[in-house]
Amino acid sequence: MNGISLQGKGIVVTRPRAQAGEMLTLLQAQGARPILFPAVQIEAPENWQSLDDALHQLVAYDWVIFSSRNAVAFALSRLQSRNLSWPTGPRIAAVGRETAKALREFGLQVDLVPRRFSSEGLLESPELVAVQGQRIALFAGDQGRELLEKTLGERGAVIDKVLCYRRGIPGANPTPLLHAWARGELDAVTVTSPEIFNNFYQMVGGLGQRWLKNTPIIAISPLTAAAVTTVGLAAPWIAPEASAAGMLAALMAWAQGLEPVA
C-alpha cells in the first residue's frame with residue numbers, strides 16, 4: 001500500500017474471535033501485531049420461538065433481510081437443524097458484503113447488497129423504496145438499531161423483526177491488555193460497531209479510558225465514530241467501507257500520518 005506499513009504496530013481487534021479471522025490475516029500480512037480482545041459476546045436467543053416461526057413461514061415473505069453475519073449463522077444453522085430448506089420466492093437482502101458472503105457460503109443467492117454497506121445504504125436501494133404492502137422479515141440480534149424496521153414500516157411494509165441471537169459484554173480480564181498498554185505495545189484500537197466500542201470502553205475501566213485519550217481509534221462507520229466522540233474522545237479514523245479491507249485502509253491512513261476525516 002504505497003510503501004506504508006504497519007510493521008510492528010500493536011493493533012487491538014475487538015470483534016468476536018469467530019469473526020476476526022479476516023482482520024487478523026490482513027494485519028499479519030502487513031507485519032502488525034494483532035491483539036485480540038473481543039468486546040462483545042454472541043449467544044443464542046433465550047427463546048427460539050420468533051426464529052422458528054419465521055423459518056416455517058419463509059415462503060410468505062417478499063423480502064428477507066439479514067442484518068449481520070451473526071444473523072446468518074444463527075438463522076441458517078437453525079434452519080438446517082430443523083431439517084427445513086430455503087424456499088423459492090422470498091428475495092434476500094444483506095446489509096453488507098460480509099453478510100452477503102456468509103449467505104453465499106450457505107448456498108443462498110443474495111438479491112440485494114447495497115453500495116454503501118450499512119442500513120442507510122440498504123434503504124437507499126431502489127428495490128426497497130416502493131414496498132407498500134410487502135411483507136418483510138428482518139433477521140437481527142437484540143439491542144440492534146431500529147432504522148430498517150422503522151423506515152420500511154413507514155414506507156408501508158409489514159415488518160417481522162426476527163430475533164436470531166443475543167449480544168452481551170464478555171467477562172474477559174482486561175489486565176493483560178492494560179499491561180501491554182503500559183509497556184507501550186498498544187498502538188491503535190479498532191472498533192466495528194457502537195456497541196463494541198461502548199463495551200470496550202466499559203471493560204478497560206478508568207485507566208484504559210484515560211489511555212484511550214491518546215490512543216488512535218479506527219471506526220468502521222460514522223455511526224461507530226459518533227459513539228467514540230460521544231464519550232469525549234478525539235475523532236477516530238473512519239473506514240471508507242464497512243469491511244475488513246476498509247478498516248485496513250483506515251489504519252494505513254493513520255500510519256501515513258493523515259488526519260481523521262470528519
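A salt bridge, for this talk, is a side-chain nitrogen of Lys or Arg within 4 Å of a carboxyl oxygen of Asp or Glu. Keep in mind that this is a predicted model. By that criterion, a search of the whole structure gives 12 salt bridges.

Let me walk through some of them. Start with Glu124 and Arg116. Their closest N and O atoms are 2.5 Å apart. Arg116 is partly exposed, at 45% relative accessible area.

Next, Glu154 and Lys150. Here the closest N and O atoms sit 2.7 Å apart. Both residues belong to helix α6, residues 147-154. They are 4 residues apart there, so about one helical turn separates them. Glu154 is exposed, with a relative accessible area of 57%.

Then Arg183 and Glu185. Their side chains meet in a salt bridge, 2.9 Å from N to O. Arg183 counts as exposed, at 53% relative accessibility. Glu185 is partly exposed, at 29%. There is also a network: salt bridges with shared partners join Glu43, Glu46 and Arg166.

Now the pockets. The largest pocket has a volume of about 1,200 Å³. Its lining takes in 45 residues. Which of them lie nearest the centre? Ser67, Val95, Thr192, Ser193 and Ile220.

By class, the lining of the largest pocket splits into 18 nonpolar, 15 polar and 12 charged residues. Domain 1 (10-40 + 170-256) and domain 2 (43-167) each contribute at least three residues to that lining.

On to the second largest pocket. Its volume is about 260 Å³. It is lined by 17 residues, and the closest to its centre are Arg15, Gln19, Glu22, Arg69 and Glu98. Which elements supply at least two lining residues each? They are α1 (21-29), α4 and α11 (244-255). Helix α4 has the largest share, with 4 residues. The classes here are 6 nonpolar, 4 polar and 7 charged.

Where does the second largest pocket lie relative to the domains? Domain 1 and domain 2 both give residues to its lining, so it lies between them.

How values were computed:
Residues numbered from 1 in each chain as written. Predicted model: local features only at pLDDT ≥ 70, side-chain atom pairs only at ≥ 80, totals over all residues. Heavy atoms only, no water. 1 Å grid on protein atoms, 1.4 Å probe; cavity = no way out; pocket = protein on both sides within 12 Å on 5 of 7 lines; lining within 4 Å. Points joined across faces, edges and corners; volume = space filled by probe spheres on them. Nonpolar A, V, L, I, M, F, W, Y, C, P; charged D, E, K, R; others polar. Domains from an automatic or database assignment. Buried < 20%, exposed > 50% of the residue type's maximum accessible area, 1.4 Å probe, protein only.
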